[in-house]
Amino acid sequence: MSASNSKRITIVGTGFGALTAVRKLRSLDANAQITVVSPRPEFLYYPSLVWIPSRMRESSDLVVNLDAFFQRMNVHYHQGSASGLKEGGRTLVTDTGELPNDGLIIASGGRYLTKLPGIDNAAIPCRSLTDAERFRDQLEALDGGTVAFGFGGNPKEPSAMRGGPVFEYLFGTHTLLKKQKRRDRFQLKFFAPAKRPGQRMGDAAVDRLLEAMRKRDIQTHLGHPLKAFHPNRIETEGESFDTDLIVFIPGMTGSTWTQATDLPQSPGGFVQSDANCKVAGFDRVYVVGDAGSYPGPEWMPKQAHMADLQAIAACKNLMSEFAGEPAQASFKVELACIVDSLDSGMLVARSGTRSLMLPATRLLHWSKRLFEWNYMRQYR
Ligand SMILES: Cc1cc2nc3c(=O)[nH]c(=O)nc-3n(C[C@H](O)[C@H](O)[C@H](O)COP(=O)(O)OP(=O)(O)OC[C@H]3O[C@@H](n4cnc5c(N)ncnc54)[C@H](O)[C@@H]3O)c2cc1C
């Protein structure tokens, strides 16, 4: 450890998990030397990407520059991308230099699988601001036609999928086209390899989502594994149908840089964590958020809320280890999301054996907006 006895902690990423880790570490240790590494000193609030196509949000609304936050938290920011580890994690290698540490928290997120043949024919609006804007522009340019929305998974790790936002893009597009008085010129479709898409949210939620599609005259194509996307056609193992625009959220895997290290990997390619966010076989190396794979129920979501809970557990454990105590803090598994449709929202929550489903109301839409404001405000 460092000679001054103040601990050097490196955090990889500036997303949900990383920034929660900064706040928690600072609250636990006023003297820790915290270094944060990421390509840009910015936080992107992903959940509101679903409001880009309607122009309810512009890209600049969703990005927070972190200079002021880092100053407040007394954080050293190192601009760069992590590319490897040395000395069992005690040195983080980046494309802009090597960083020694006494403790490491990996919060660099996941990435989408892009192996499906013809995937470039689909818009992937979850991937980045640019991708969300691209879908917005494609939709604006269409005079009418078919728009098909769907999501896939990672066959090697069923929990590595992001289904919720696709329902938001779908219902949001329906509301937007209605507002623009051109819904009658469009056919909206929903496709998924599963017969009951979104099952992790619980039975009641799936029933409610399918009912919401029926009500909005959205056709479904369910239960057939995907084979390929063509410029104007989707091919599955059971059928093939025409579409003018494909909107797709692929299954997820771990980031390229962690896959190139000797950190243990889960079947789906994430950093394998134990129940305490610790990486087995590595001293004082933790993983939080979408970058990791964690033991727990099969419905454990890859969500910002989980990243936050995992970051808190990791920080407590790192501090315990510095104090020579065992790392015993764990995290609750909770699924919570408001499936928004631009003018109303439906709440889906799951925790332990309980699940809750609240039907769509305007109040829930406004709650989602309030939550966004409140969450982003802490990093401004
Ligand atoms: C459209 C959409 C809607 C969503 N809605 C919800 C919702 O309603 N509720 C919810 O809880 N979750 C939601 N999510 C999921 C949520 O956004 C993610 O689960 C969350 O972002 C994961 O946080 P993270 O910190 O693990 O990773 P991220 O937020 O992805 O952050 C990763 C960070 O690591 C950085 N990074 C990447 N590679 C490197 C590298 N090599 N070196 C250094 N830094 C690197 C990135 O720049 C980024 O700063 C949504 C996601 C999307 C896309």
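## Two domains

The centres of domain 1 and domain 2, taken over C-alpha atoms, lie 30 Å apart. Domain 1 covers 8-109 + 255-322, and domain 2 covers 116-251. These bounds come from an automatic or database domain assignment. The model is predicted: local features need pLDDT of at least 70, side-chain atom pairs count only at pLDDT 80 or more, and totals for chains, interfaces and linings use all residues. Residue numbers start from 1 along each chain as its sequence is written.

How many residues of domain 1 are in contact with domain 2? There are 17, and they meet 22 residues of domain 2. Contact here requires C-beta atoms, placed from the backbone, to lie within 7 Å. On the side of domain 1 that touches domain 2, 10 residues are nonpolar, five are polar and two are charged. Ala, Val, Leu, Ile, Met, Phe, Trp, Tyr, Cys and Pro count as nonpolar; Asp, Glu, Lys and Arg count as charged; the others, Gly among them, count as polar.

Helices (H or I, at least four residues) and strands (E, at least two) are DSSP runs, numbered from the N terminus.

## Helices α1 and α7

Two of those helices, α1 and α7, also pack against each other. Helix α1 spans residues 16-28, and helix α7 spans residues 304-322. Their axes are 8 Å apart, at an angle of about 35°. Axes are lines fitted to C-alpha atoms, for helices over the stretch in contact; angles run from 0 to 180 degrees between N-to-C directions.

The α1 side of the contact is F16, G17, T20, A21, K24, L25 and L28. On the α7 side are A304, A307, D308, Q310, A311, I312, A314, C315 and M319. The contact counts 11 nonpolar, three polar and two charged residues.

## A sheet of three strands

An open sheet runs in the order β6-β7-β8, with antiparallel pairing. Its edge strands, β6 (82-86) and β8 (97-100), each pair on one side only. From one strand to the next, the twist averages 25°. Strands pair if DSSP finds at least two bridges between them.

Four bridges link β6 to β7 (residues 91-94). β6 and β7 form a hairpin with four residues between them. In the turn, E87 has a positive phi of about 50°.

## A sheet of five strands

Another open sheet has five strands, in the order β11-β18-β12-β13-β14. Its pairing is parallel. The edges are β11 (122-123) and β14 (219-222), and each pairs on one side only. β11 and β18 (residues 245-249) are joined by two bridges. A122 stands opposite I246 in β18.

Helix α4 packs on this sheet and touches β12 (145-151), β13 (186-192) and β18. The direction of α4 makes about 160° with that of β12.

Where do β24 and β25 lie? β24 covers residues 345-351, and β25 covers residues 354-361. They pair in the antiparallel sense over six bridges. A349 has L356 as its bridge partner in β25. Two residues sit between the strands of this hairpin. G352 takes a positive phi near 55°.

Note on methods:
Two residues are in contact if their C-beta atoms, placed from the backbone, lie within 7 Å.
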